[in-house]
Amino acid sequence: MNELTRIPLAAVPDPSPVVRLRGFSRVFGDTRVLDDLDLEIAPGEFVALLGRSGSGKTTLLRTLAGLDPSVGQDLRLPGTRATVFQDARLLPWKRVWQNVVLGLGKRTRRDLAASALEEVGLGHRWDAWPLTLSGGEAQRASLARALIRKPELLLLDEPFAALDALTRIRMHALVLSLWQQHRPAVLLVTHDVEEAMALADRILVLDRGRIAAEERIGAPRGSRGSVIRSLRASLLGHLGLQTESGVYADLIGRKP
Amino acid sequence: MTTKRDVLQARWLSPVALLLLWELASRTGVIPDHILAAPSSVVRSLFGMTASGELPLNLAVSLRRAALGFAIGSSLGVVLALAAGLLRRGDALIDPIIQIKRTLPVVALTPLFIIWFGIGETTKIALIAFASMLPVYINLHQGIRGIDIRLVDAARSFGLGRAALIGNVILPGALPSLLTGLRYSLSISVLMLVIAEQVNASAGLGFMIQNARDAMRTDIIVVCLMVYALLGLAGDSLIRAIESKALAWRPTLVEA
C-alpha cells in the first residue's frame, strides 16, 4: 500500500484493554454499518477515529456509549463512561451545575459541580441557564459533566467541530491537560486530521464499517513537527485524498 | 413629557374613544336603552349588583362550575396524554379514540348529556370537563412526542434510567406544551360555561343574563359579558404567571 506500518490489532500488547470489540457488526436493513470490526483501547490511551461521513463513526460511538443494543456480540466496555457531544446537549431547563451532576443522585452537591466547572474554566457560570452560554462555554460545561463521573472511557464526538478556530485551539489545550490529569482512555471521533494528529497517541481510520488503517504517533505532543507531513499525507490517502507533499495548500491548489 | 403624537399613538386611545362615542349616542337617544345600555348605566348596575350581593353570589356559582369542569377535564387530559405519550401500548389504545372525539363538536353533545345527567350541575360540569380535556391532551401529547431525541440520548449515555429520564428530560421538555394546552383549555372552559349556563340554570352568570333578557335589561347583560371576559383574562394571566416562573430558562425570558 505505502510506507505506513499497519499494526494488526490483535497484537496490541495490553493485557486488559478498557474497550474490546471482536468481530463486531451492526446491520441496518441491507447496510452493514459496522462490519466485523475489531477494536481495543488501552487504559489511559488517547485514540482518534477518523472517517468519512457514513463510514460508521457515529454508530461505533453510540455502541461504545451504550446507546445501541449489542446483545450477543463480543464486546467489553468499562463501567464508567462519559460522552461529550458535538452539540453539548445540556438540558436547557436545568442550570449549568445541575446539568453537570445530572443523574449522579441527590447526594452529589453543588460544590462538587462548582469545582468541576472551575477545572474547565467555567466556575463563574455555574448558576447560568445553558441557553445563555456561548458555544465554547457549553462545551466546557459538557466536559465538566463528563469528567465529574471519573470515566474510564471518555468519548468525544466531534466536540470541537462547531467552534470557531481560536476557541477550538483553546479547547484542544484544555482537553489535553484534563486528559493528562485524569488519564481516562479517550476515543475522539473527528473529521479533522490536524486535530487527530495533535491530540492522539493512535489514529484509526474507519472505512465502510472496518478499521481501514491505523497510525501510532511515537513523537511526544509539542514536537511532532517532523512527522506531521508524512502522517497527514498517509491519513488523507486513507480518507481518499491523494497528496504527495502533505501540505494543505498544495493539496487544494494541485493541478489535475 | 407627553406630546400630542404620543397620545395619538397610544393603544388605549381607540377603545376610550369608542366608549365615549357609545355614551354620547346613548345620551342623545341614538341608541335606546333596550338596545344597548349606556356605559355609565352599566357601571351603575355593576356597583348596584355587587353591593346587593347578587353578582358575587352568581359569580361564585359560575366560577365553581368552570373551575370544577376545568380541573376534571385538564387532569384527565394530562393523565391520558402521559399514558399515550410514555407508553407505546397506551398510545395505541388512547390516541385513536381521542382523535375521533376531536372531530366531534362538544356543544352537539349537550342533548345527550342532558338525557344522561339531567339538567342540574352535573351536565354543566361534564360539558366543561369534556371540552377542556382535549387541548391539554393534544398539546401535552405532542410535547412529549416532540422531545429532542438527542437530549434523551445524552441523558441515557449518562446512565439515567427510565424514571429519571421522564423526570429530568421528558416532563420538563414537555412543560411548555402543557402550559399552552392549559391556556387553550381555560378559554374553552369559559366558552363552555356560557353555553352550559343556557341550559335551565337557576343561578350563575348565564341565569342572570336570561333573566335580564326577559326584562330587556341590557345593562345587566353587558355587566355579565364583562365578567365573562374578565374570567377569561384572569385565567390567561394566571397561566402566564406560571409560565414566566416555570419557563425561566427560555432565552426570551432570560434576556428580559
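B:Lys101 lies over the face of B:Phe130, at 4.3 Å from the ring centre. The model is a predicted one, and the values below are computed from it. In chain A, A:Arg183 is placed over the face of A:Trp179. The table sets out both cases.

| Charged residue | Ring | Distance to the ring centre |
|---|---|---|
| B:Lys101 | B:Phe130 | 4.3 Å |
| A:Arg183 | A:Trp179 | 4.1 Å |

**Aromatic rings in chain B**

B:Phe130 also belongs to a cluster, in which ring pairs link it with B:Phe113, B:Trp116 and B:Phe117. Over all chains, the count of aromatic pairs comes to six. One of them is formed by B:Phe113 and B:Phe117, with 5.5 Å from centre to centre and 80° between the planes. A pair of aromatic rings is described by the distance of the centres and the angle of the planes. Planes over 60 degrees apart count as edge-to-face, so the pair of B:Phe113 and B:Phe117, at 80°, is edge-to-face.

Where do B:Phe113 and B:Phe117 lie? Both are in helix α6 of chain B, which covers residues 110-117. They are four residues apart, about one turn of the helix.

Is B:Phe113 buried or exposed? Its relative accessible area is 6%, and because buried means under 20%, B:Phe113 counts as buried. B:Phe117 has a relative accessibility of 37%, so it falls between the limits of 20% and 50% and counts as partly exposed.

**The sheet in chain A**

Chain A has an open sheet of three strands in the order β2-β1-β4, with antiparallel pairing. The edge strands are β2 (31-41) and β4 (74-76), and each of these pairs on one side only. From one strand to the next, the twist averages 30°.

Strand β1 of chain A, residues 19-28, pairs with β2(A) over seven bridges in the antiparallel sense. Within this pairing, A:Val27 has A:Arg32 in β2(A) as its bridge partner. The hairpin of β1(A) and β2(A) has two residues between the strands, and A:Gly29 takes a positive phi near 60° there.

How many bridges join β1(A) and β4(A)? There are three, and the pairing is again in the antiparallel sense. The bridge partner of A:Arg22 is A:Asp74 in β4(A).

Rolling a probe the size of a water molecule over the atoms shows where empty space is left. The largest pocket has a volume of about 410 Å³. It is lined by 16 residues, and the closest to its centre are B:Gly85, B:Leu86, B:Arg88, B:Arg162 and B:Ile170. Two or more lining residues come from each of α4 (54-86), α5 (88-102), α7 (121-145), α8 (149-157) and α9 (162-196) of chain B. Which of these helices gives the most to the lining of the largest pocket? That is α8(B), with four residues.

A search of the whole structure finds one cavity of 30 Å³ or more. The largest cavity has a volume of about 30 Å³. Its lining is made up of A:Leu143, A:Leu147, A:Leu154, A:Val175, A:Leu178, A:Trp179 and A:Pro184. Among them is A:Trp179, the residue whose ring has A:Arg183 over its face. In chain A, α4 (135-147) and α5 (165-182) each supply at least two residues of this lining. The largest share, three residues, comes from α5(A).

Methods
Residues numbered from 1 in each chain as written. Chains lettered and ligands numbered in written order. Predicted model: local features only at pLDDT ≥ 70, side-chain atom pairs only at ≥ 80, totals over all residues. Heavy atoms only, no water. Pairing = 2+ DSSP bridges. Axes fitted to C-alpha atoms, helices over the stretch in contact; angles between N-to-C directions. Phe/Tyr/Trp six-rings, centres within 6.5 Å; stacked < 30°, edge-to-face > 60°. Buried < 20%, exposed > 50% of the residue type's maximum accessible area, 1.4 Å probe, protein only. Lys NZ or Arg CZ within 6 Å of the ring centre and 35° of its normal. 1 Å grid on protein atoms, 1.4 Å probe; cavity = no way out; pocket = protein on both sides within 12 Å on 5 of 7 lines; lining within 4 Å. Points joined across faces, edges and corners; volume = space filled by probe spheres on them.
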